[in-house]
Amino acid sequence: MSPSKVSPPSTTTQHFPHIHDDPASLPQSLDPFTITTSTGFMPYRMGPTHLPEAFQPLMALLDRMPVRKADGSPGLLATYELGPTVQAGFPDLTDEVDKLVTEDGAPDLFTITAVFRDYTFLASAYLLEPCWESWNCSADKGYGFGRDVLPRAIAVPMYRCAQLLDIPPFMSYAASYALFNYNVADNAKGLVYDNLRLVRAFEYGLDPKSSEAGFILTHVDMVKWSGSLIAGAIKIVDTIEQGGPRSDVNDGFREILSAMEKIEAAMEDMWANSKPGEYLSFRVFIFGITSQSMFPNGVIYEGVLDDNRLNFRGESGANDSMIPLLDHLLQIPMPSTPLTKILHEFRAYRPLPHREFLAHMNAKCAELDIRAFAVRDTETAICFLKTLNHVRSFRWRHWLFAREYIIRRTPHPTATGGSPIVTWLPNQLSAVMDMMISLYETYLAPQKTAGGKGPDGLTGYDAVCQKQVEPMMEMVRDQREKLAREVERWCKERGV
C-alpha cells in the first residue's frame with residue numbers, strides 16, 4: 001500500500017513558523033507581537049506592569065506623572081511639573097537596556113517592549129506638557145508649542161529599545177499606547193472588557209471607568225477577536241494556493257465575517273466607554289511631531305543621530321493591523337493620492353511581525369488574485385462582498401467617531417497621526433464603497449436581468465441572495481452620497 005499523500009506546508013507556515021503555536025510556548029526572545037491564530041494581532045501575552053529593578057527611577061516617575069495618580073491625588077502633569085522634574089536629574093539608563101537578555105543571551109524583546117512602552121509615555125508627556133498647559137489655560141483652547149528638545153536620558157534609551165524592536169522611536173498604537181498597555185484585574189475572568197485595566201495613562205486613565213481608559217481599552221476589546229480574522233484569511237490563501245475545495249475558501253470568509261461582527265460590536269461600545277466631550281482633553285498627549293503646528297521644526301533627540309531634528313507620526317488607531325489585512329485580502333484599490341501615501345507611511349509604526357505578515361499577505365493575495373477567484377462563483381462572490389461591507393462599516397464608524405469626537409469640537413486640522421482630519425478617512429472609505437458597487441454591478445446585478453445567468457456563466461443569485469445583498473447595496477449608495485456631502489460641507493466650513 002502506498003503511503004498517503006501529505007500536502008506540502010503552505011508558504012504562510014514556512015514564513016511564519018509560529019502562526020499555529022500555543023502562545024504560552026513562545027520564548028521572550030521573540031517580539032511580543034509574533035502572530036498566532038490564537039492571539040491574532042494582540043501580544044502573545046500581556047505586557048508586564050512592572051519593569052526590572054534597574055528601571056525603578058523610570059517606573060517611579062511614571063507613577064507620579066498622570067494628571068490623577070492611582071491613589072486619586074494630583075500628579076506632575078496636573079501642576080505642569082513633569083518637565084522640571086525630568087530636568088532636575090532623571091538618570092540615563094541606556095546601559096540597562098542592553099542587559100535585558102534571555103538565558104541564552106538573546107535580547108529579551110518582551111521586556112524591552114515594556115521598557116519602550118514606558119519611555120514613550122514619558123517622552124510624549126514631556127514633549128507635549130506645554131501643549132497640555134496651553135490647552136487648559138488658554139481661552140481659545142489652542143495647543144501652543146511643545147518642547148522641541150528631548151533630554152538624552154529619555155531619548156537615548158528609548159531609541160535603543162526602538163532599534164532592537166525595529167520600530168520608530170516614538171509612541172505607537174500597538175507597542176506602546178494600546179495593545180501592550182493593558183492588564184486584567186482578575187486572571188480568572190480573562191479579557192472581558194470590565195476586567196481590563198491600563199498600565200500607563202496620561203490623564204485619568206488609571207480609573208477604568210474614565211474616558212481615557214475607555215478609549216484605549218475599547219481597542220483592546222476589539223483586537224482580542226483578531227485571531228479568527230487571521231485564521232480565516234490564512235485558510236482562504238492556503239486553500240487557493242494548494243488547490244483545495246472552494247467550500248474551504250467560503251468557510252474562511254465566514255470565519256472572517258463572524259470575527260468582524262464581534263470586532264464591530266466591541267467598536268460600537270466606544271460611545272459608552274469613552275465620552276465624546278472628554279476625548280480632546282487626553283488627546284493632547286498622543287499627538288505626533290509630523291505635520292503638527294506644535295512642532296514646526298521637529299524635535300531634537302539629544303544624543304541621537306547627531307542631534308538632527310526628527311519628525312515622527314503620532315499614535316493612531318489607523319496603525320491597527322486588522323483592516324489593512326482585509327484591504328490586502330480583498331485587494332481594495334486605493335486612489336493614488338497624498339492621502340494614500342500617509343496610509344502607507346503608517347505601516348512603519350506597526351510592530352515588525354505585523355509588518356512582515358501584512359507584506360506577505362499583500363504579495364500572496366495579489367499573486368493568487370483572490371478577487372478573481374471569488375467572482376467566479378456566486379456564493380464566494382457574495383461572501384467576498386459581505387466582507388467588503390464589514391470594511392465599509394468599520395471605516396464608516398471610524399468616520400463617525402472622527403466627526404463627533406473631533407471635527408465638531410476643534411478646528412485643529414490634523415489628526416494625532418498627522419493626517420488631514422476631514423479628508424483622510426473618506427479617502428479610504430470611498431475606495432471601499434466604489435469597489436463594492438463595481439463588483440455588484442459587474443458580477444451579481446446582471447444575473448437578475450439575464451435569466452439568472454451572469455458573466456462567465458455565473459448562476460445562483462436567487463431571491464434569497466438578493467434579499468441579503470440588495471438592501472446592503474442600497475445603503476452603500478446612499479452612504480456614499482451622504483459622505484460626499486458631509487466632506488464637502490466640512491471642507492467649505494474649514495476652508496480646506
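1. Start with Leu305, which sits in the loop between β4 and β5 (309–310); helices (H or I, at least four residues) and strands (E, at least two) are DSSP runs, numbered from the N terminus. Leu305 is not a glycine, yet its phi is positive, about 50 degrees. With a relative accessibility of 45%, Leu305 counts as partly exposed. The terms go like this: buried is under 20% relative accessible area, exposed is over 50%, and partly exposed is in between (1.4 Å probe, protein chains only).

2. A word on the model before going further. It is a predicted one, where local features need pLDDT of at least 70 and side-chain atom pairs count only at pLDDT 80 or more, while totals for chains, interfaces and linings use all residues. Residues are numbered from 1 along each chain as its sequence is written, and side-chain values use heavy atoms, with hydrogens and water left out.

3. Ser291 is partly exposed at 45% relative accessibility. Setting aside residues up to four places away in sequence, Thr290 touches Asn311, Phe312, Arg313 and Gly418, where a contact means heavy atoms within 4.5 Å.

4. Helix α13 (residues 322–329) is mostly covered, with 8 of its 8 residues buried. Among them are Met322, Pro324, Asp327 and His328. The cover over these buried residues includes α8 (211–223), α9 (226–241), α10 (246–268), α15 (352–368), α16 (370–374) and α17. After α13 comes Gln331, with a positive phi near 55 degrees.

5. Leu339, Thr340, Ile342 and Leu343 are its buried residues here. They take up an arc of only 150 degrees around the axis, which puts them on the same side of α14; the arc is that of the directions from the helix axis to the C-beta atoms. An α-helix has 3.6 residues a turn, so residues three or four places apart point the same way. Pro338 and Lys341, on the other side of α14, are exposed. What covers the buried residues of α14 includes α18 (424–449).

6. Now the rings. Those of Phe, Tyr and Trp (its six-membered ring) pair if their centres lie within 6.5 Å; planes under 30 degrees apart count as stacked, over 60 as edge-to-face and the rest as tilted. By this rule there are 23 aromatic pairs. One of them is Phe16 with Phe357: the centres are 5.4 Å apart and the planes at 75 degrees, so this pair is edge-to-face. Phe16 is buried at 14% relative accessible area, and Phe357 is buried at 0%.

7. Phe33 and Phe180 make another pair, with centres 5.9 Å apart and planes at 55 degrees, so this one is tilted. Phe33 is in the loop between α1 and α2, and Phe180 in the loop between α7 (173–177) and β2 (182–184), so the pair ties together parts 147 residues apart in sequence. Both Phe33 and Phe180 are buried. Ring pairs also link a cluster that includes Phe121, Trp132, Tyr177, Trp271 and Tyr405.

8. Met42 also lies in the loop between α1 and α2, and it is buried, at 3% relative accessible area. Its C-alpha atom is 8.1 Å from that of Ala174, which is 132 residues away along the chain. Leaving out residues up to four places away in sequence, Met42 has contacts that include Pro32, Phe33, Leu179, Tyr182 and Val220.

9. Two arginines deserve a glance. The charged end of Arg246 sits over the ring of Phe373, 3.9 Å from its centre. Arg489 lies over the face of Trp490, at 4.8 Å from the ring centre. The rule is NZ of Lys or CZ of Arg within 6 Å of the ring centre and within 35 degrees of the ring normal.

10. Last, His398. An unreviewed UniProt entry gives it the annotation "binding site"; UniProt positions are in the numbering used here, feature names are shortened, and annotations may be inferred rather than shown by experiment. His398 is in helix α17 (residues 378–407) and is partly exposed, at 25% relative accessibility. Not counting residues up to four places away in sequence, His398 touches Met267 and Leu425.
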